[in-house]
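Open the structure in your viewer and keep the selection tool at hand. The tour goes from one selection to the next.

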Amino acid sequence: MPKDVEEKDRIVIRFAGDSGDGMQLTGDRFTNATAVLGNDLATLPDFPAEIRAPAGTVHGVSAFQIQFASEDITTPGDHPNVLVAMNPAALKADLHLLQKGGTVIVNEDAFVQRNVEKAGFSANPLEDGTLEGYQVYKVPMTSITVRAVEELGLSRKEAERSKNMFALGLVSWMYGRPIDVTLNWLHKKFGDKPQVYDANVAAFKAGYNFGETTELFAHSYQVKPAPAKPGTYRNVSGAQALALGLVAASQRSALSLFYASYPITPASELLHELSRLKNFGVRTLQAEDEIAAANVALGAAFVGQLGVTGTSGPGMDLKAETIGLAVALELPMVIVDVQRAGPSTGMPTKTEAADLLLAMYGRHGESPMPIVAASSPSNCFDTAIEAVRIAVKYRTPVILLSDTFLSNSSEPWLIPDADTLPTIDPGFATGPNAGTEFLPYLRDENLARPWAIPGTPGLRHRIGGLEKEDGTGDISYEPENHERMTELRAAKVAGIAKDVPALGVDDPDGDATLLVLGWGSTWGTIRAAARRIRDQGKKVATAHLSHLNPFPSNIEDVVRRYPKVLIPEMNSGQLALLIRGRFLVDAKSYAKVQGLPIFAEDLEQEILKVMAE
Amino acid sequence: MSDVENEQNGGNGQRAVGTLTKKDFTSDQEVRWCPGCGDYAILATVQAFMPELGITPDNTVFVSGIGCSGRFTYYMDTYGMHGIHGRAPALATGIATARPDLDVWVVTGDGDGLSIGGNHLIHALRRNVNMKILLFNNQIYGLTKGQYSPTSEEGKVTKSTPFGSVDHPFNPIALALGAEATFVARTVDNDRQHLMQVLRQAAAHRGAAFVEIYQNCNVFNDGAFDLIREKPQGVHNQIRLEHGKPILFDEENRCVAVGDNGRLILAGVDDVSPDDIVVHDVHGRPSLAFALAHLAHGPTEPTCIGVFREVERPVYGEAMDKQIEVATERLGRGDLATLLHSGDTWTVG
């Protein structure tokens, strides 16, 4: 007898297990099926830095959270409605996140005495009342999985490995996810390893059927597709979108992309994505260190390619001197900083956005450069193109700020029409620019200098890190010249403000008294929090910066227009410092550095608090 | 920029290859090394020898780091980039890999290339990036006014080592060989003929060529190479390596021979059997080159100059281009729209 289907507007599920349990894969697959179904969604992979931390311990827990909805959503959700816990450690680590009265689905087989102790419980939490008040489903996932794959002749260990597919199958049934998306993927992934493929399919189906047939579950849930603009969509992570954006910029500028990078979490994904795209003429080079990666990209830029390097905080520290050289050479180059929690090694797999001041000021001397920041996973695509546009047009290195959350998280993306993406003109110098002479530092109306690439007849010139004479580019120690060059470099970057969109303000009635100003990945949280405030009949304005240097030209008007300005950041108040310092407004900082995106409900409370002050 | 059309004999008054002279490679910048510096001789030799390579200044790029050698770039009328300390091989890796059509020369020093930039040097060599690396070794930090360098001898008294250096120096040739360099040579600043001959061979090499040039710093380390480069001592102490020839020196009175346990020894030609005299082989096993690099503890005793090793290995940029070519053949030239639509997609409306 078919079970009842209950309709829901939005659901937050968190899959949690041991690092080796395949939770990221499970979450990723659930996400894809959800995307294809047409729900809006946002995800939060949350995993430890250790590849395989000691099994069964709390710090070895790897989790994947997804919010999906029949309406527009912007965050992976503060509190899961459903926690899938593959072992006691996962329960221990994540139960506190679960919404009051939420659903817990546990792998009952894993709750043996040894695991319970290892997780730090004094007694079995399934029996001692720990889960009182929650809806608990105890499912012997391991043993059912082993039974389901029995005929395939796998070792017990191999058989047990498929239990994540059982969990995926069960949850897929509970939330009416299409099974063909997962089955197709399994075929693609394991088609050439029949035994593994069969085991995964059997486990997945066993989970799905378990939900449908046992009396444990009274009903399943349905989340209808979210209304969306017409068009073709795909699911995209920030890392993927960034790679696609760089390739798009390369194609639209006819500049070959040269990406040089050194492996570092969480930026390596970008190297992996780009290194597969050789047939787009993409050159990738895994350098001997972070410094080399920056120099390789800069060398490629000098000779006429789209030089890009990517890293995270520790690598930014190392690249600083080279970025300064790029500022002096005035060559186009993009530096991607996928920020993570610092200082030092910090928490490599956890998010933070504390490199803004580093991007602004983290080089010796007066060394201004443009900074752009992505606001959502799919926005990484547009941000990459914008970074390249500015770099090429203004002959300058550009820092693109992303973060761990954006890079790993994913969301549906309305795929743009490739032919209508903006084109970028490299505008290479082809001949003399001062009578019969060529002056490498003679500037155009944007104060950009010519990009004269080696191999161009007659435009031979030498550039370097030593101060240059205005115009000729010859070495100069002349006092007034240094001051003039310092001012010119600053004016060039400042002038970009007139070439970027004005800062848009979302203030539905136009009479809010509090502005929430954000940048980077807090975009989703700010939108969600503003919606909660407005749902209460209160008024709040929001604005989000994509250009951090220079700021859009109307920013001063915006921050002065509102009596109160609140700036939520995943750092200790870096944008707030800039805004206060630049415009002498009493902007308040809401700082959060817990290695996680800011929760919408926490920001909501902060907004209410500031409103009441 | 992948498809730069390079007009070998372009416009802009550029004269055809073959008619170029030293002047065509000499920039209008005033040379500002200390009077008497060994760098002058190297610069003059490089400028004079470039025309015979059959290349144009327009297709040539000089890249340098920081130190006295770093200024070299400004004096060549080619394309040039004066980078930051130690990073020239990394900059040049980007340049040479992106543009295999360019002739790329790196000028570095013992501090720049072996200390702060040691990592980039060894990796450029192991990758076999198509660049010629000229390492001016003066065994001192000149630009910072006289601190010991990674090639200074033990016990060296300098401003930063008033009681003598306790650092053991690098042997640049052995280092390059250890880094799997495909071309390794040493020459001397004031021996124009030898310098030119070595540079010629380096220029002809496909891939990374490493040339150590003993260079006198007459201000902070004067005479460091006198026993090698000045007559008459030089005659006794220079062991000139020539491929396929027995290794003789000191007016052919002495030789490099195989001693006990296969060790290389210096001996009088008359004191050993002719069969024991080593015949130089640049293409063979690296062990011979390595042993030759270690004949002397420093340029104060009989020391080898010339090409130590020259072997062929795939060139890095060419290998990368090949991958692009193969991928494009297999998958077709990448189409942006198709790429954006890859993976599971769904359509609304």
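Is A:Asp499 buried, partly exposed or exposed? The model is a predicted one, and in it A:Asp499 has a relative accessible area of 22%, so this residue counts as partly exposed, the limit for buried being under 20%.

A:Arg389 lies in helix H14 of chain A, while A:Asp499 sits in the loop between H16 and strand S18 (505-506), 110 residues apart.

Next, show helix H14 (residues 379-394) together with helix H9 (residues 238-253), both of chain A. Their axes come within 7 Å and cross at roughly 35°, and the crossing is right-handed. Residues in the contact include A:Leu242 and A:Gly245 of H9(A), and A:Phe381 and A:Ile385 of H14(A). By class, the contact has eleven nonpolar residues, two polar ones and no charged ones.

Now select A:Glu330 and A:Lys492, which form a salt bridge of 2.8 Å, N to O. A:Glu330 is in the loop between helix H12 (313-329) and strand S13 (333-339), and A:Lys492 is in helix H16 (residues 479-494), 162 residues apart. A:Glu330 is buried at 2% relative accessible area, and A:Lys492 is buried at 4%.

Last, select A:Asp72 and A:Arg527. The closest N and O atoms of this salt bridge are 2.6 Å apart, and the two residues are 455 residues apart in the chain. A:Asp72 is partly exposed, at 35%, and A:Arg527 is partly exposed too, at 31%. Over all chains, the structure holds 47 salt bridges.

Terms used. Residues are numbered from 1 along each chain as its sequence is written. Chains are lettered from A and ligands numbered from 1 in the order in which they are written. This is a predicted model: local features need pLDDT of at least 70, side-chain atom pairs count only at pLDDT 80 or more; totals for chains, interfaces and linings use all residues. Side-chain values use heavy atoms; hydrogens and water are left out. Axes are lines fitted to C-alpha atoms, for helices over the stretch in contact, and angles run from 0 to 180 degrees between N-to-C directions. Helices (H or I, at least four residues) and strands (E, at least two) are DSSP runs, numbered from the N terminus. A crossing is left-handed if the near helix is turned anticlockwise from the far one by less than a right angle, and right-handed if clockwise. Contact means heavy atoms within 4.5 Å. Ala, Val, Leu, Ile, Met, Phe, Trp, Tyr, Cys and Pro count as nonpolar, Asp, Glu, Lys and Arg as charged, and the others, Gly among them, as polar. A salt bridge is a side-chain nitrogen of Lys or Arg within 4 Å of a carboxyl oxygen of Asp or Glu. Buried means under 20% relative accessible area, exposed over 50%, partly exposed in between (1.4 Å probe, protein chains only).
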